[in-house]
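This briefing is meant for a reader meeting the structure for the first time. Please look over the sequence and the model first, then read the notes grouped by topic below.

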Amino acid sequence: MRHHSKIHLFSQVSSMAVSSSPHSYLSSPNSLSLSPYKQQQQLPSLFSNLKLPTFQSHRFKALISSPAPPPPKPLSKTIRHAAASDASPTATTFHGLCYVVGDNIDTDQIIPAEYLTLVPSNPEEYKKLGSYALIGLPSSYTTRFMEPGEYKSKFSIVIGGDNFGCGSSREHAPVALGAAGVAAVVAESYARIFFRNSVATGEVYPLESEGRICEECRTGHVVTIEMSESRLINHTTGKEYKLKPIGDAGPVIEAGGIFAYARKTGMIPSRAA
């Protein structure tokens with residue numbers, strides 16, 4: 001009898017060990033990763049009921065790191081309709097100049113590895129990260145995303161093609177874009193780790209287009225993204241484009257990231273508690 005109890009106990013422990021594996025977050029493209037931060041074990045079922053949009057995934061070798069969480073993104077990125085409640089993510093609208101890139105923009109182009117020593121939780125180093133955003137793009141991009149000596153880009157919306165954010169799993173990629181003043185990225189598809197890091201850090205909205213908007217928009221066009229209607233308006237050309245809804249990831253980004261959302265909703269204690 002005691003022998004059978006030991007077998008049962010071993011089975012339970014083994015099951016728990018498998019379910020808590022730090023690599024289990026890669027098993028499903030529609031489950032949100034908590035891997036960038038050490039508090040992962042505090043939120044075992046945080047996103048069990050979230051319904052995220054589906055998107056094309058691409059296989060790559062994952063890199064796990066644990067930097068400190070970045071500071072909250074500036075509220076100046078978000079324009080809210082006066083009649084809408086601040087608590088509603090559907091009230092979010094973005095307006096500004098767009099910067100257009102192509103397919104397979106990897107994380108080394110977004111923020112080269114030599115700048116990963118910068119710590120996002122340090123305000124001065126967070127600021128410097130913005131100055132290096134998209135600095136790894138090839139010279140064929142004659143219009144540069146960042147002007148020399150500047151920390152903020154004049155382009156607040158990035159439009160890309162297929163497989164945006166591929167490569168290593170560095171969470172500095174969305175952080176650098178957010179630090180540079182980017183409010184949203186609109187791409188045909190994402191590498192799933194970039195999508196998850198964008199949501200987990202709360203730095204940028206990773207929005208999916210229903211077509212190749214990158215072939216119809218040009219760098220410097222004036223665009224508006226209306227989250228409530230899931231559409232992008234190009235005021236320069238007069239064309240409108242349908243976007244895929246961001247789903248339950250929207251409130252997480254709106255709150256400032258995964259742990260800010262967890263504190264806001266009472267899933268984990270607030271820092272003041």
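In this predicted model, helix α3 spans residues 123-131, and its buried residues are Y126, L129, G130 and S131. These buried residues of α3 pack against α4, a helix that covers residues 172-179.

**Helix α3**
- At the start of α3, the backbone nitrogen of E124 has a side-chain oxygen of N122 within 3.0 Å of it.
- An α-helix has 3.6 residues a turn, so residues three or four places apart point the same way.

**The largest nonpolar core**
- The largest nonpolar core holds 61 residues, and those that touch the most other members are L134, F145, I159, F164, L177, L207 and I225.
- Helix α4 gives the most to this core, contributing five residues.
- Leaving aside residues up to four places away in sequence, L177 is in contact with I110, A133, L134, F164, V182, V185, F194 and V204.

**Cysteines**
- A disulfide is a covalent bond between the sulfur atoms of two cysteines.
- The count of disulfides in the model is zero, and for C98 the reason is distance, because the closest cysteine sulfur, in C217, lies 5.3 Å from the sulfur of C98, whereas a disulfide is counted only within 2.5 Å.
- C98 counts as buried because its relative accessibility is 0%, and C166, with a relative accessibility of 14%, counts as buried too, since the cut-off for buried is under 20%.

Terms used: Residues are numbered from 1 along each chain as its sequence is written. This is a predicted model: local features need pLDDT of at least 70, side-chain atom pairs count only at pLDDT 80 or more; totals for chains, interfaces and linings use all residues. Side-chain values use heavy atoms; hydrogens and water are left out. A nonpolar core is a set of buried Ala, Val, Leu, Ile, Met, Phe, Trp, Tyr and Cys residues joined through side-chain atoms within 4.5 Å. Buried means under 20% relative accessible area, exposed over 50%, partly exposed in between (1.4 Å probe, protein chains only). Helices (H or I, at least four residues) and strands (E, at least two) are DSSP runs, numbered from the N terminus. Contact means heavy atoms within 4.5 Å. A polar contact is a pair of N or O atoms within 3.5 Å; within protein, one must be able to donate a hydrogen and the other to accept it, and residues adjacent in sequence count only if both atoms are side-chain atoms.
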